[in-house]
Amino acid sequence: MLSRFIHKLKAWYLARQSVKRRWSEWDYLVLDIETSGLNAKQDHIVSVGWVCIQNGVIELDTARHIVLDNAQIGDNVGIHMITDSDVQQHGKRQESVLRYLRHLLRNRVLVVHHAPMELGFLKQSWLEHALPTFSLSWLDTLAIERSKANRAQQPIQDGGFRLDACRERYGLPEYQGHDALTDALATAELLLAQIAYQGRDCRLYDLNQMGGGRTRLVPRS
Amino acid sequence: MAAIDIPEVHKFIETIPPFSGLSLLERKQILTGVSMLYVRQGQTLVLKDDSATVHLIRRGACEIRTPKGGLVDQIADGECFGVSSVMAQNPDGLQVVAMEDSLVYRFDKIRFIEMLEKNEAFGLFFEHTQHNRLRKLTRSQSNELASPALQLSTPVAHIMTRQLIQATPKETVQTIAMRMTEARVSSILVVEEGRLQGIVTDRDLRSRILAVGGSSDSLVANVMTASPVTLSPNSLVMQAQTLMSESNIHHLPIVDEEHQAVGMLTAADLLRHQELSPLLLINLIHRQQSVESLARVCKQWPTLIINLIVTDMKAADVGKVLATVSDNLTRRLIELALEKLGPAPMDFQFLVFGSQARRDQSLGSDQDNGLMLEREPSTEESLYFADLSEFVCQGLGLCGIRLCPGNIMASNPEWRRTTDGWQQAFSRWIKSSAPSALLHASIFFDIRCVYDNGKSEGEAVKDLIKAMQLEVSKNSVFLATLTRSALVTKPPLGFFRHFLLESSGEHKHQLDLKHQGLALINDLARLYGLSCQTYRVGTLDRIEQAIREKLISVDTARNLMDAWDKLNGLRLEAQSRHFQATGKASAYLDPKDLSPLERKHLKTTFSIISEVQDVAQQRFLRGYS
């Protein structure tokens, strides 16, 4: 009984302390998922790309681009440029990729652009593959951008929250490709730009307030 | 660590030398361990420990500065910094400051050094980059000591000879001749009780002893030039030059307040110091006896301007130097005309307008001038002044100052008026506020007298200006109209990085620095200048006067002055580039030729103009718009 209390107290204390830590003291995994459509229940993941942020810089060595073996390419080949032969040659089993991701996310904050979409697909995959329950913290660069716009009372037009449009506002370079990896890198750069505008001492806590949260991925019960 | 396989990174790197020269395998090797950072504008990068490595700018702009803050280099997209940190542990302690938000690749130090050793061409490139920076570094440091622009205003103390060869008045000529030979100098100072009494030069020995069969036992007191022309050590080089050329002497003793000799300045010292040629050109101009020979001398005009520009002289100073040369040219032409036509039948003043009056001439400026006569001329007198004006204006044309396309020249009878005639003209323009009057106003309200044959020393023009300002201050409608016309043209400021460019014609996609930039500032300055109690004719002088009279806030004014300097500098550079390429001066600029950093500066510059336009609108148009 007492030990449980001490444990809880310790957790509470750690959480208090972590609020004060600067953003760069945390590690991040910036993820982008290419899918065959917009509906997580019907469509499936085609490929995933990610890159990590450590000590406040993007470590390009950590970049990965993985095509899944169950991808059904069909008509979408024009969008993400992945062909059937890519899948046959490089395809990885979705379940092993997800386990690997879960491993990487254990001590990293997930960063995505437009969280509902990416988290929806992750949740669905957890259900399908009966992966162990997993809690993760996430940041959404789109939500952060929206909070910023609201705070500054500068309405942003339709389409102004697309990744490219957000990047343009920070003068970030225009990228030609739109595969999962390029978009993950593009999102990572956007996050750094957003943080730079928040000032030197920006904390993860502040970013969370603007567009972040915690989500539990659970297997089908 | 695995090799980086991000298409966008490879795509960028393979276009940037020297990375473009690497094989795919080498490129993958050097990209291993690369991280990417985002540097906020104004942030200083500390290149220490692991960060003491080469960085490549993906997007943005940075400055490399000395520890004292001196500028060494400005770099942008696709350029590297940190080279000297890797190659020589950054002995100069250079710092990198982000000028705009920058996305930067940071290479892994060990991999980078490996590649420098492995690939010779790659290593050479960075060695070259480092040499280049070192050269810029030394140049920036020597510039801190004496910039060419300062040379004319250097105190003579900096260039005079301090080791003085002296004699007393009681010595013989022979002994001082021996001392001069020994010291290899051409003059000796004669000093008694610490005070300068005279000077003896080689020429004195020749003309006062040898030529007249004098004795070598003659006393110095008898051959010296007593009470010679002197200057104080803090006089300027320019004064010394003028004095020596006026008095036709080659040796100038420098004395302190107690009349003790502290130095000697010779023509040779000046020549060594004198790298600029404007004074030389002015001297030449005054020695020419005909329009033809003047025109020949003035062929150096564009070269002179280009020299001034490439020596990094400040744009405002270039304008002043050019105005001084054209003033002198104008005066010489008037003198030649007077020699040819005989003395003028009455007092007259030669007026200049526009850029020459404002002293911001550049390559390809045309002439705007007129005559102001003491009284109404007779028919015969009228003919005399017609001849004189024709001579001067055509002469200026031959010497490279283009005839005015709008015919605003003294050779046009319309612009030869009596003092009263000019006053009436100004008064009419101010009262009518018609568009043509405003056009006239923008040219004629910048007015200066360059030649006055009477004794009034330009007083008549000062009266004219006073009357004009009085009229303006009484007529607030005119000021409002002038304001409105000054605000019609807006600086070409688009959203984000785009410029609204000339959409058609020869200069499609180019920026007109003169009409879309400088003219707007000149108009604003004129507006403030006319509202001041004290008339100033130069744009910067007007803005400074407006600060003094509290018509404009110091910050706004300083910003505007910076903007003027910046645009003028760009215009001069664009003109000189264009002139060297085509033989014609053009103030058009293709923003593509600018680095991202320069584009950023230019954008800021335009937004400053736009802000001051708003400020002026508030000030002068309240109740009229």
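Predicted model: local features only at pLDDT ≥ 70, side-chain atom pairs only at ≥ 80, totals over all residues.
**Figure 1. Glu95(A) and Arg99(A) pair up in a salt bridge.** Side chains of opposite charge can pair when their charged atoms come close. How far apart are the closest N and O atoms of Glu95(A) and Arg99(A)? They are 2.9 Å apart. Both residues belong to helix H4 of chain A, which covers residues 94–105. Glu95(A) and Arg99(A) sit four residues apart, and that is about one turn of the helix. Over all chains, the structure holds 27 salt bridges.

**Figure 2. Chain A meets chain B.** Here 25 residues of chain A are in contact with 26 residues of chain B. Put together, the two chains bury about 2100 Å² between them, with 62% of that on carbon and sulfur atoms. Which three residues supply more than any others of the area that chain A buries against chain B? Look for Leu60(A), Asp61(A) and Pro173(A), which supply 28% of it. And how many salt bridges are there between chain A and chain B? The count is zero.

**Figure 3. Helices H6 and H8 of chain A pack together.** Two packed helices are described by the angle between their axes and the distance between the axes. For H6(A) (residues 141–151) and H8(A) (residues 180–198), the angle is about 30° and the axes are 10 Å apart. Angles under 35 degrees count as roughly parallel, so that is what we call H6(A) and H8(A). H6(A) passes H8(A) in a left-handed crossing. On the H6(A) side, the residues that meet H8(A) are Thr141(A), Ile144(A), Glu145(A), Lys148(A) and Arg151(A). Their partners in H8(A) include Leu190(A), Leu191(A) and Tyr197(A). Sorted by class, this contact of H6(A) with H8(A) has four nonpolar, four polar and three charged residues.

**Figure 4. Helices H23 and H24 of chain B cross each other.** Now we hop over to chain B. The axes of H23(B) (residues 554–582) and H24(B) (residues 596–620) come within 9 Å and cross at roughly 135°. H23(B) and H24(B) are therefore oblique to each other. This crossing of H23(B) past H24(B) is left-handed. Among the H23(B) residues in the contact are Leu560(B), Ala563(B), Leu567(B) and Leu570(B). Across from H23(B), H24(B) brings in residues including Phe606(B), Ile608(B), Ile609(B) and Val612(B). What classes do the residues of the contact of H23(B) with H24(B) divide into? There are 10 nonpolar, four polar and one charged.

Note on methods. Residues numbered from 1 in each chain as written. Chains lettered and ligands numbered in written order. Heavy atoms only, no water. Axes fitted to C-alpha atoms, helices over the stretch in contact; angles between N-to-C directions. Helix = DSSP H or I, 4+ residues; strand = E, 2+ residues; numbered from the N terminus. Parallel < 35°, antiparallel > 145°, perpendicular 65-115°, else oblique. Left-handed = near helix turned anticlockwise from the far one by under 90°. Contact = heavy atoms within 4.5 Å. Nonpolar A, V, L, I, M, F, W, Y, C, P; charged D, E, K, R; others polar. Buried area = accessible area lost by both parts, 1.4 Å probe. Salt bridge = Lys/Arg side-chain N within 4 Å of Asp/Glu carboxyl O.
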